[in-house]
Amino acid sequence: MGRAVLQLFKTLHRTRQQVFKNDARALEAARIKINEEFKNNKSETSSKKIEELMKIGSDVELLLRTSVIQGIHTDHNTLKLVPRKDLLVENVPYCDAPTQKQ
């Protein structure tokens, strides 16, 4: 179990570095939050609670990796979105009209 916890810790930090690249404030805030959460739960002994915490950590990593897009202020009312290459997936056409199920 300890090896899996350490692996998740490292994975979260790697994901943080990719997702918040070039954003020192976000990088630092995420580093502090990850470290804080692991530190707060380091004395947990219940394997059930550890599994729950591992699931939360894995879900957070997936959410960060698949849902966060950086934006850069280009002027007063404009943001330039900077999606990572792994977020640029094949676009699925949107259909406004629901299809009839047979």
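Modeller: Among contacts in the protein (heavy atoms within 4.5 Å) between residues at least 6 apart in sequence, 45% join residues at least 24 apart. This is a predicted model: local features need pLDDT of at least 70 and side-chain atom pairs pLDDT 80 or more, while totals for chains, interfaces and linings use all residues. Residues are numbered from 1 along each chain as its sequence is written, and side-chain values use heavy atoms, without hydrogens and water.

Colleague: Which pattern does the protein follow along the sequence?

Modeller: The pattern is α-α-α-β-β. Helices (H or I, at least four residues) and strands (E, at least two) are DSSP runs, numbered from the N terminus.

Colleague: How many aromatic pairs does a search of the whole structure find?

Modeller: The search finds one. Phe9 and Phe38 pair edge-to-face, 5.0 Å centre to centre with 75° between the planes. Rings of Phe, Tyr and Trp (its six-membered ring) pair if their centres lie within 6.5 Å; planes under 30 degrees apart count as stacked, over 60 as edge-to-face and the rest as tilted.

Colleague: What does the pair tie together?

Modeller: Phe9 lies in helix H1 (residues 2–19) and Phe38 in helix H2 (residues 24–40), so the pair links parts 29 residues apart in sequence.

Colleague: What share of the residues of the protein counts as buried?

Modeller: Of the 102 residues, 18% count as buried.

Notes:
Buried < 20%, exposed > 50% of the residue type's maximum accessible area, 1.4 Å probe, protein only.
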